[in-house]
Amino acid sequence: MSILLASQCRAARAMLGLSQKELAQKAEVGSRTLADFETGTRSPHPRTLKAIRETLCSLGIVFLDAEGGLGPGLRLDCEKSFTTIFPPDMELATLFTPEE
């Protein structure tokens, strides 16, 4: 099994609200490398894929193995990802205040 699929990478970034550039910086990989991987232009070195996957895990992504006829996937660890998506100093009440 692959360390990381391009589709998992794109989905994880979307779940976390990260751009390719932001993820590349956090994983300490080239932004062009990440972009090329996600579009299928090239396959990065396994250690690069491992760095991307480990970064996504540290931000709250949980990778799921294929099972029962379903392909591999991912989900969000809400406790880990909450501070990634919402900074600690953010007033949560502002998220639920209706717009005027």
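**Stop one: a pair in helix 3**

Select arginine 32 and aspartate 36: both sit in helix 3, 4 residues apart, which is about one turn of the helix. Keep in mind as you look around that this is a predicted model. Now show the side chains. Arginine 32 makes a salt bridge with aspartate 36, and their closest N and O atoms are 3.1 Å apart. Side chains of opposite charge can pair up like this when their charged atoms come close.

Are the two partners buried or exposed? Arginine 32 counts as exposed because its relative accessibility is 53%. Aspartate 36, with a relative accessible area of 12%, is buried.

At a relative accessible area of 40%, arginine 42 is partly exposed.

**Stop two: along helix 4**

Now select residues 46-58, and you have helix 4. Its 13 residues reach 18 Å from the first C-alpha to the last, close to the 18 Å expected at 1.5 Å a residue.

Which residues of helix 4 are buried? Color Thr48, Leu49, Ile52, Thr55 and Leu56 to see them. Then turn the view to look down the axis of helix 4: the buried residues fall within an arc of 125 degrees, so they line one face of the helix. An α-helix has 3.6 residues a turn, so residues three or four places apart point the same way.

What covers that buried set? Show helix 1 (6-16), helix 2 (20-27), helix 3 (31-39) and strand 1 (61-64), which are among the elements covering the buried residues of helix 4.

Zoom in on threonine 48, one of the residues in helix 4. Threonine 48 counts as buried because its relative accessibility is 18%, under the 20% cut-off. Leaving aside residues up to four places away in sequence, threonine 48 touches Val29 and Thr33.

**Stop three: another charged pair, then the end**

Stay in helix 4 and pick lysine 50 and glutamate 54, 4 residues apart, about one turn of the helix. They form a salt bridge, with the closest N and O atoms 3.8 Å apart. Lysine 50 is partly exposed at 46% relative accessible area, and glutamate 54 counts as partly exposed at 46% too.

Finally, click on glycine 60, which follows helix 4 and has a positive phi, near 115 degrees.

Key: Residues numbered from 1 in each chain as written. Predicted model: local features only at pLDDT ≥ 70, side-chain atom pairs only at ≥ 80, totals over all residues. Heavy atoms only, no water. Helix = DSSP H or I, 4+ residues; strand = E, 2+ residues; numbered from the N terminus. Expected span 1.5 Å × (residues − 1). Buried < 20%, exposed > 50% of the residue type's maximum accessible area, 1.4 Å probe, protein only. Arc of directions from axis to C-beta. Contact = heavy atoms within 4.5 Å. Salt bridge = Lys/Arg side-chain N within 4 Å of Asp/Glu carboxyl O.
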